[in-house]
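Thanks for coming. I will take a few minutes to go through one model, and you can follow along in the viewer.

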Amino acid sequence: MDSYGGEGRHAGAPVDAEHVEPGGPRPSAQSGDLRATGGPGRSGGAGIQALSLPYQVVAAVSLAVVGVLAAVHLGMVFLHVAPANTLSKQHGEAVDDWVLPEFEQNWKLFAPNPLQQNIAVQARAELTVAGGRRTTGWIDLSAEDAAVIRGNPFPSHVTQNELRRAWDFFANWHTDDNRPNGVRGELSERYLRRIAALRLDAHREGGRIERIQLRSATRAVVAPVWSDAGKTDTRTYYRVLPWWPVTVADLPGGADAGRGAARAAGEHPEEGR
Amino acid sequence: MKRVDHGVVTVNPRADLPGGSHRADWAERAGRGLAGAIQRVTAGALGPYQSAVVRIGFSGAWLLFLLREFPHRRELYGPDGPWSWGMARELIANNHAFSALLWSDSAVWFECVYALAALASLLLLVGWRVRATSVLFLVGVLSLQNRSVFMGDGGDNVVHLMAFYLVLTRCGQVWSLDARRARRRATGTGPGGPGPTPDGAAPAPDTTDSGPDEAEAGPGGTEAGPGAAETGAAETGAGGAHRPVAGRAAADRVGPALWVVLGCGLPVATSFAGRTGESWLLALFWLLWLAQGLWWVVCRYAPGQPRVLLDVLANLAHNAALGVIMAEVCLIYATAGWYKVQGDRWQDGTASYYPFRLDYFTPWPALSGLLAGSGLLIMLATYGTVVVQVAFPFTLFNRRVKNVLLAVMMLEHATIAVLLGLPFFSLAMIAADAVFLPTVFLVWAGHRLVRARDRLRPARRGKVPGPREADGEPAAPRTLVG
């Protein structure tokens, strides 16, 4: 008790003396002590010893239940963050049921190895302008993020995480030839497309965005000079995604955005994906 | 303190083994130790300063984050987001996470939730009705983060976890408005004047009753186990329980009112159970709310043993949650450290060079470049990081080493905040680390703050707002957290 409690600190929880603890000279409150213990002072007037037998049983059972719950929870979280092992292979489902979604966590911070390449996401758009179509050049969206981050002591999640994590999300749920490989595939694609549409739209290239195309440009960070510099392959590798049609719903404000009013919903039947 | 020892002896009446063999001695001592431990975890909510600093740290970090992102809120979690409401709904239909934002896609509702989340953070920060505001804080955190999971990073993740654990801790025992209210009640009505009333003084009927009651009611009630209403409960309870006295402090109406208001939200949450939120979470909300009601009723009508029992239960929940918080922090560092050990770059001492070259993590390229240019510095930072992270959980067995490492880790996080442009992540991690700060240090820091504030506003009260500096801290024996 000592360090936390007792008379220390708020000491005082004065306690009424109506009720004297069985074993103690200490006067312990009835209701008073409760609060007393509730207080930082936590005077020792309560606790399991202040209870009569039936209540002690309840308290003891609760102690056991709480203890077991805490232990199980920590065990589950441990199995969740630990590498796949004998136990988690057998009981992976139970672990997931317990931990997901609210206790999900990942602490492989820069581990086992830090990211050693800059992955830039670039986009271009096909616009309709005055009856014709025009394709913009590649616009480096990640470079725009980086420019905003420069000199900013409090970078926003919008610049630091949005595009970066969306690309990871997309890459995790797609095969190397850019086909969705799981339930989240379609979602991740739509997400990425909407981010790109949002960013390109802000560029005001003029005209209506009909389609967009994305690619990633990956370039390794040059290894430090004192290690094996020179061996690093610093060429840029591109991963080019197919052209995606953009629907009105992909643009900021969704379907009710004023700018989309001109477009008939059925104009792009292929978009429905 | 001694009381406890005292109690222990009582509870565990000296096993009278006439012979007093060694084994019997040993068994007796073990038994006494166990009984003492049980008494400890049931009689008090351990680590009041640590739990308070965790509360302040996380609510503060989240509040700052919400304020900083205010201009971007609609893109992050709202109607302008690339992660649309429909997509969130699709994902959540799959993983059943909780987000009140899924109750409606209206922009007004979104603004309300965002504002409420910020307000709950502020109230939790200052420790106003922490039982209620900690739950609101949790709802705010979950609603926003689960609405757009792909916007978050490690910092959001810790906040998410700790928001859960905080709900179960009595985190407003010190450094909170709850505690101040309790103290004021105590000093206002109590016979003992500003000082704590000694136990012995108790019998003074009216005043003392309300004295202790309120006094600790605040904390006990307000932060103790259950939530919103407890304060109200506690106080009214006080009145009801002991002969009510005309002159006593006005009964608390805010607590019960808050309880009723929050109670209205529960059926709504339940009605959307099919859309968002796992059933255990809704059950938890109901349970917390009912516990508040029970607390109030018990205080009022059954102030004796049932009341003590409730307090025991609240202490158990608090102590378990605090233990889980500490274990969680250890898990974070252990995971981060052990996975790093396996990486080539951490082994060859170059790992910390790379983040300084990543476009997304170099707000100060010149500075990063400068540091990245020094091979020795990089190696020391790389090895140092791994050593500290792997070692940290084990240093808990040695208070001095633990404190040194704690300082090192906080410093490292502060550095990360600046160099990698991750201020909120770092703030959250520092708040998590703070659970291991020694009580003496926290008390000392509290004093300094209070004194500094008093110096700034000499006109106002001469003393005390903070934790009652008083007694015994320094002498406190050391524990894991202390």
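Chain A has six helices and eight strands. Read from the N terminus, its elements come in the order β-β-α-α-α-β-β-β-α-α-α-β-β-β. Keep in mind that this is a predicted model.

Some totals for chain A. The chain has 273 residues, and 49% of them are buried. If you take the contacts in chain A with a separation of 6 or more, 55% of them are between residues 24 or more positions apart.

Next, the annotated spans. For chain A, an unreviewed UniProt entry lists residues 57-79 as "transmembrane region". In the model that span is 100% helix and 0% strand, and its end C-alpha atoms are 33 Å apart. For chain B, UniProt, again in an unreviewed entry, gives the feature at several places, among them 158-177 and 257-274. Residues 257-274 of chain B come out as 83% helix and 0% strand, with 29 Å between the end C-alpha atoms. For residues 158-177 of chain B, the numbers are 55% helix, 0% strand and 25 Å from end to end, again by C-alpha atoms.

Glu102(A) sits in the loop between α3 (86-99) and β3 (117-129) of chain A. Glu102(A) is buried but has no salt bridge, and the nearest side chain of opposite charge, Arg184(A), is 13 Å away. A salt bridge would need a nitrogen to oxygen distance within 4 Å. What does the side chain of Glu102(A) have in the way of polar contacts? One is with the side chain of Asn146(B), at 3.2 Å. Another, at 3.0 Å, is with the side chain of His160(B). Leaving aside neighbours within four places in sequence, the contacts of Glu102(A) also include Phe98(B), Leu161(B), Phe164(B) and Trp280(B).

On to the salt bridges. Side chains of opposite charge can pair when their charged atoms come close. The count over all chains is 21. In one of them, Arg211(A) pairs with Glu126(A), with the closest N and O atoms 3.0 Å apart. Arg211(A) is in strand β6 (residues 208-220) and Glu126(A) is in strand β3 of chain A, so the pair ties together parts that are 85 residues apart in sequence. Are the two partners buried or exposed? Glu126(A) counts as buried because its relative accessibility is 10%, while Arg211(A), at 29%, counts as partly exposed.

Arg208(A) and Glu210(A) also form a salt bridge, at 3.3 Å from N to O. Here Glu210(A) is buried, with a relative accessible area of 2%, and Arg208(A) is partly exposed at 26%. A further salt bridge joins Asp233(A) and Arg235(A), with 3.1 Å from N to O. Asp233(A) is partly exposed at 31%, and Arg235(A) is exposed at 56%. Through shared partners, salt bridges link Glu126(A), Arg133(A), Arg208(A), Glu210(A) and Arg211(A) into one network.

Last, a residue in chain B. Leu46(B) is in the loop between α2 (22-43) and α3 (48-68) of chain B. Its relative accessibility is 13%, so Leu46(B) counts as buried. Along the chain, Leu46(B) and Gly323(B) are 277 residues apart, yet their C-alpha atoms are separated by 9.7 Å.

Key. Residues numbered from 1 in each chain as written. Chains lettered and ligands numbered in written order. Predicted model: local features only at pLDDT ≥ 70, side-chain atom pairs only at ≥ 80, totals over all residues. Heavy atoms only, no water. UniProt positions renumbered as here; feature names shortened; annotations may be inferred. Helix = DSSP H or I, 4+ residues; strand = E, 2+ residues; numbered from the N terminus. Buried < 20%, exposed > 50% of the residue type's maximum accessible area, 1.4 Å probe, protein only. Lys, Arg positive; Asp, Glu negative; His and termini not counted. Polar contact = N/O pair within 3.5 Å; in protein donor to acceptor, adjacent residues only side chain to side chain. Contact = heavy atoms within 4.5 Å.
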